[in-house]
Amino acid sequence: ELIGAFPKTGIHPFLIGDDDDLEQLRGMCEPPTDGGASILSKAASLSIDEWLNARGFKLPKQLSKGVDPQSGFITLTDLATGRTKERIHIGLISVEAPHHMFAKLGWGGWNDCPEPEVHVALHKRWADKFAAVPVALSGDVVECFVGRPPDQKADVLRLAGEHYAYCGDIVDQGFESVAKLAASLNGAKVWYFWWD
C-alpha cells in the first residue's frame, strides 16, 4: 500500500520518531537551496559499483543459521524500555520518487554516513530491484519497507555485501558478521541502517 499510494499524490510520508528524533533530524539535514537538483545530478552520474568497491565491498560466502529476518520498525520503539514510543512524528515531503528525499533534505555526509547522492543512487538501485522504499528517517537511522525481498541465496549474499559497504555499523556494532546480516535479509520486509 505504501508503494502504490505514492504516485497518486507525489507526497512521500516517512516516520521520524519521537521529539528527540525530530530534533536530531533537523540538526542533521542541510536542505539545498536548489531543492536537491545538484545532488540528484551527482547521483545520476555516480557509479554505485565503483563506490561500493571503494568502500570495501566483499561478497559474503554464506548465510548464518538461526537468524530471523528483520521485522518491525526500530524507529517506533524506545530502545531503553522496549516499548512503543508514546509520540511519533511523521514527515511529508514532495518528491518525484521516495529515494529523492535524501537529496531534498541534504541528508548524509557526516561521520561514516555516505553523502546524499550515494543514498539516492543506492536506494534507487534497491527500489528497482527489490521495491525497497525508505519509510523512516531520523538523525542517524534509515529504515526501508521492502516490497520484493530477496529470497535467493546469491541475491541475499550480494545485498548483504552492499548493506555492509553502505553502513558498516549494522555489522560492526550490531550483527557482528556479514553472514548474520545476510541471514537477517533473507525474505525480510524491513531493512535497518544506523550510523554512529
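Analyst: We start with a definition. Helices (H or I, at least four residues) and strands (E, at least two) are DSSP runs, numbered from the N terminus. I90 is in strand 2, residues 89-94. This is a predicted model, where local features need pLDDT of at least 70, side-chain atom pairs count only at pLDDT 80 or more, and totals for chains, interfaces and linings use all residues. Residues are numbered from 1 along each chain as its sequence is written, and side-chain values use heavy atoms, with hydrogens and water left out.

User: Why is I90 called exposed?

Analyst: Buried means under 20% relative accessible area, exposed over 50%, and partly exposed in between (1.4 Å probe, protein chains only). I90 has a relative accessible area of 57%, so I90 is exposed. Together with I11 and L92, I90 makes a nonpolar surface patch of about 310 Å².

User: What makes W107 and W195 an edge-to-face pair?

Analyst: Rings of Phe, Tyr and Trp (its six-membered ring) pair if their centres lie within 6.5 Å; planes under 30 degrees apart count as stacked, over 60 as edge-to-face and the rest as tilted. The centres of W107 and W195 are 5.8 Å apart and the planes stand at 70 degrees, so this pair is edge-to-face. The pair links distant parts of the chain, 88 residues apart. W107 and W195 are both buried.

User: How do you know that W126 and Y166 are edge-to-face?

Analyst: Their rings are 5.4 Å apart, centre to centre, with 80 degrees between the planes. That passes both cut-offs, so the label holds. W126 is in helix 6 and Y166 in helix 7.

User: Why is the contact of R125 and D49 called a salt bridge?

Analyst: A salt bridge is a side-chain nitrogen of Lys or Arg within 4 Å of a carboxyl oxygen of Asp or Glu. R125 and D49 meet at 2.9 Å, N to O, so the pair qualifies. R125 has a relative accessible area of 21%, so R125 counts as partly exposed. D49, at 35%, is also partly exposed.

Definitions and conventions. Patches are made of residues with over 30% relative accessible area and no salt bridge: like charges are joined within 9 Å, nonpolar side chains (Val, Leu, Ile, Met, Phe, Trp, Tyr) within 5 Å. Accessible areas come from the Shrake-Rupley method with a 1.4 Å probe; for residues, only the protein chains shown count as cover.
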